[in-house]
Amino acid sequence: MAETSQRARNPRGQGDRLRLEILEGAARLLSELGGEEGLTIRGVARAAGISPAAIYQHFADKSALVNGLIGYDYEQISRAMTKADESCPQDAVLERVRAQVRTYCQFVVDNPGHYRLLINHQPLTAPRSGPMIDLVTRVATAFERCQLAGVRLRLPARRAAVLVFTAAHGRVALWHASGDPVAAEALLDFVDEVVWLVTE
């Protein structure tokens with residue numbers, strides 16, 4: 001069966017929908033591969049049910065596709081963290097911090113290939129920008145909200161966020177190294193402990 005027969009053609013003017021389908025296909029393939037090394041234009045085309053030529057209409061090469069996938073992953077994490085934050089009572093400010101960081105950790109546990117993609121592609125020309133910096137900023141904003149609510153922090157909000165996020169990253173790295181599925185729950189409990197440590 002030809003690749004182009006696997007999906008219905010999008011109506012004219014719906015290029016954004018095709019771009020999203022390409023990224024969703026790339027995300028599924030990355031999850032299967034566990035890393036970007038085996039990610040190819042042809043492989044993504046098969047995963048999305050389109051021809052390789054259709055991908056080149058939106059991404060000039062593999063590098064552009066990877067950058068698009070990084071943005072896609074960031075949007076998925078950001079949306080999940082926002083949902084976790086909003087699921088908590090508005091006045092439960094510390095719980096909202098924990099919920100966001102726990103959600104991030106759960107994402108990287110469930111999606112190791114996507115985690116590696118994010119941490120291996122930080123901007124070289126703008127080291128103070130990128131998805132990971134944006135995620136730390138989200139946590140810093142959550143800690144600032146805690147201060148406004150009267151919660152006392154042992155560190156300024158930004159430093160508290162960096163400490164919590166860095167600690168969570170280290171714990172995630174240890175979990176990936178061990179591959180112990182039981183340790184995933186302990187990882188989430190660790191987030192609670194670190195958040196508690198930066199508060200008075």
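Cys-105 is buried, because its relative accessible area is 0%, and the cut-off for buried is under 20%. The model is a predicted one. What of disulfides? The structure holds zero of them. A disulfide is a covalent bond between the sulfur atoms of two cysteines. To count here, a pair of cysteine sulfur atoms would have to lie within 2.5 Å.

Now step back to the whole chain. It has nine helices and zero strands. Read from the N terminus, the elements run α-α-α-α-α-α-α-α-α. The chain has 200 residues, and buried residues make up 43% of them. Contacts also reach along the sequence. Take those between residues at least 6 apart: 64% of them join residues at least 24 apart.

Helix α5 covers residues 93-110.

Next comes the meeting of α5 with helix α6, residues 112-120. Their axes come within 5 Å and cross at roughly 110 degrees. Angles of 65 to 115 degrees count as roughly perpendicular, so α5 is roughly perpendicular to α6. On the α5 side, the contact is made by Tyr-104, Phe-107, Val-108, Val-109 and Asp-110. On the α6 side, Pro-112, His-114 and Tyr-115 take part. By class, the contact has six nonpolar residues, one polar and one charged.

Finally, turn to helix α8, residues 157-178, which holds Ala-157. Is Ala-157 buried or exposed? Its relative accessible area is 6%, so Ala-157 is buried. Which residues does Ala-157 touch, leaving aside those up to four places away in sequence? They are Ala-140, Phe-143, Glu-144 and Gln-147. Take Gln-147 from that set. Ala-157 and Gln-147 are 10 residues apart in sequence. In space, they are 8.0 Å apart, C-alpha to C-alpha.

Conventions:
Residues numbered from 1 in each chain as written. Predicted model: local features only at pLDDT ≥ 70, side-chain atom pairs only at ≥ 80, totals over all residues. Heavy atoms only, no water. Buried < 20%, exposed > 50% of the residue type's maximum accessible area, 1.4 Å probe, protein only. Helix = DSSP H or I, 4+ residues; strand = E, 2+ residues; numbered from the N terminus. Expected span 1.5 Å × (residues − 1). Axes fitted to C-alpha atoms, helices over the stretch in contact; angles between N-to-C directions. Parallel < 35°, antiparallel > 145°, perpendicular 65-115°, else oblique. Contact = heavy atoms within 4.5 Å. Nonpolar A, V, L, I, M, F, W, Y, C, P; charged D, E, K, R; others polar.
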